Amino acid sequence: MQEFESRRAFEHLDKLAYEIGPRLAGTRGDRMASDYIRKQFEGCGLKTRVREFKFVPRAAWVKTTAFLFTSAFIALLFLPPELSLVVWLAVIVIWRSLDKIMPKRRSQNIIASAGTKKSKRCVAITAHYDSALCIVSYKLYLFVRFAFLPALIIVAAIVAARVLGVLQGWIIVWSVLAIVFLPISIGMFILASSRRVSPGADDNASGVAVMLEVARAAAESPPADTELFFIASGAEEQGLVGARKLVASKALPRDTLLLNLDGVGVGPHSYVIEGNGIFRRRRTSSQLNQVLSNSIKGAGLESRLWWAALARHDHVPFLQAKMRATTYTTDVGGKDRLGRFIARAFGLPNARARGYRYIHTLEDTPERIELANIERAGQVVLGFIKQI
Ligand SMILES: [Zn+2]
């Protein structure tokens, strides 16, 4: 394999996050980034395929959700008990099928491969190239995220209690519920009304840039008996859509070992994502984590574990399909009171929240990216490919 040249990687990063800029899935920037990545893969002589898929934009989905439940909630005030319960349950059923009935946009996964098919090993390096809508308020986001489902269930339970006749004074009960429920739906409208899109330099032009340069370095002479895949996934910020489509399309053999890169441009600390979630937990592959950790140490860095309690990564759909996958990321560290609270409250010792505070903001720009980080990430990924 050839040397990893961090300057080349930085050019990709600049192209994606500065020249193209915001890359919200389904928009012009997204399409331009996808074209750019395809051309880079083809320029390295890799076999390249573009797989288009459709998805419901997250913001529209959140707004529709808020609209549905707010209207139903207001209707509950006027409806008789039995009908209230029917309406509430019907709205939940409609909500669950929003992904099927709402208008869709298009995005792409770009898949490149090197090496011979039917090799002993299949290794995939992935990174999402879309960027996110700017977050209006992280606190509001956490409130909505953790209060929404319990609120749906509590309303259903109270409406059911009313049908059974164990509840009196409906107007008062409804008013108390409204104090909790209406702020949640207003919060959803506010969050989904963000118009600005992050340039996504760290999240995740950095991961794509490193992947593209690793692809160039490895394209001509991949390790013996290994089929290498390089995948730029689309619409990650819309709910890991590109990764889900990859799994569903069976584009990768089931025994593929998958390393995802997400946010590798900022901060001195290197992390192996140990798992995701708080209530529904999903652990990454311990076998791959061991190799990744060794390769981080091989690059002269300290390897740390990170339980991403509040974030999801593109490896999750692969884990759900019983494939082996993990994610590499870097961060600035810092105080992290939220992370320590989650660690203690839920027994997740490696839980932490990201310290780089420009994620999903207009400030996530190339100027904040450290060339040394790009260099280290390149060494880590090449080391991973060699050691596996
Ligand atoms: Zn990301």
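Two residues are taken to be in contact if their C-beta atoms, placed from the backbone, lie within 7 Å. On this criterion, Ser 6, Ala 9 and Phe 10 of helix H1 meet Leu 371, Ile 374, Glu 375 and Gly 378 of helix H13 in the structure, which is a predicted model. The axes of H1 and H13 come within 9 Å and cross at roughly 110 degrees, and because angles of 65 to 115 degrees count as roughly perpendicular, H1 is described as roughly perpendicular to H13. The crossing of this pair, H1 and H13, is right-handed. When the residues in the contact of H1 with H13 are sorted by class, four are nonpolar, two are polar and one is charged.

Helix H1, which spans residues 6-20, also packs against helix H2, which spans residues 28-43, at an angle of about 160 degrees and with the two axes 10 Å apart. H1 is therefore roughly antiparallel to H2, since the limit for that description is an angle over 145 degrees. H1 passes H2 in a right-handed crossing. On the H1 side the contact is made by His 12, Lys 15, Leu 16 and Ile 20, and on the H2 side by Gly 29, Met 32, Ala 33, Tyr 36 and Gln 40. By class, the contact of H1 with H2 comprises five nonpolar residues, three polar residues and one charged residue.

Helix H13, formed by residues 371-387, has a further packing partner in helix H10, formed by residues 286-298, and the axes of H10 and H13 come within 8 Å while crossing at roughly 125 degrees. H10 and H13 are therefore oblique to each other, and their crossing is right-handed. Val 291, Leu 292, Asn 294, Ser 295, Ile 296 and Gly 298 of H10 make this contact with Val 380, Gly 383, Phe 384 and Gln 387 of H13. The contact of H10 with H13 contains five nonpolar and five polar residues, and no charged residues.

At the level of domains, the assignment for the protein gives domain 1 as residues 6-56, 108-134 and 198-387, and domain 2 as residues 60-99 and 137-192. The C-alpha centres of domain 1 and domain 2 lie 36 Å apart.

Two individual positions were examined for their surroundings and for their distance from a second residue. Pro 57 is placed in the loop between strand S1, residues 47-55, and helix H3, residues 58-76. With 23 other C-beta atoms within 10 Å, Pro 57 is buried, because the cut-off for a buried residue is 20 or more such atoms. When residues up to four places away in sequence are not counted, Pro 57 touches Gly 26, Arg 105 and Gln 238. Pro 57 and Phe 143 are 86 residues apart along the chain, and their C-alpha atoms are separated by 21 Å. Ile 172, by contrast, is placed in helix H7, residues 170-192, and counts as exposed because 9 C-beta neighbours lie inside 10 Å. Ile 172 and Ser 293 are 121 residues apart in sequence, with a C-alpha to C-alpha distance of 57 Å.

The backbone geometry of the model was considered at three further sites. The peptide bond from Asp 203 to Asn 204 is cis, with omega near 5 degrees, and Asn 204 is placed in helix H8, which covers residues 201-219. Lys 322, although not a glycine, has a positive phi of about 60 degrees. The place of Lys 322 is in the loop between helix H11, residues 316-320, and strand S9, residues 324-331, and Lys 322 counts as exposed, with 7 C-beta neighbours inside 10 Å. A positive phi, near 55 degrees, is also found at His 360, again a residue other than glycine. His 360 is placed in the loop between helix H12, residues 337-346, and H13. In contrast to the exposed Lys 322, His 360 counts as buried because 22 C-beta neighbours lie inside 10 Å.

Key:
Residues are numbered from 1 along each chain as its sequence is written. This is a predicted model: local features need pLDDT of at least 70, side-chain atom pairs count only at pLDDT 80 or more; totals for chains, interfaces and linings use all residues. Axes are lines fitted to C-alpha atoms, for helices over the stretch in contact, and angles run from 0 to 180 degrees between N-to-C directions. Helices (H or I, at least four residues) and strands (E, at least two) are DSSP runs, numbered from the N terminus. Angles under 35 degrees count as roughly parallel, over 145 as roughly antiparallel, 65 to 115 as roughly perpendicular and the rest as oblique. A crossing is left-handed if the near helix is turned anticlockwise from the far one by less than a right angle, and right-handed if clockwise. Ala, Val, Leu, Ile, Met, Phe, Trp, Tyr, Cys and Pro count as nonpolar, Asp, Glu, Lys and Arg as charged, and the others, Gly among them, as polar. Domain bounds come from an automatic or database domain assignment. A residue is buried if 20 or more other C-beta atoms lie within 10 Å of its own, exposed if 12 or fewer, and partly exposed in between; C-beta atoms are placed from the backbone.
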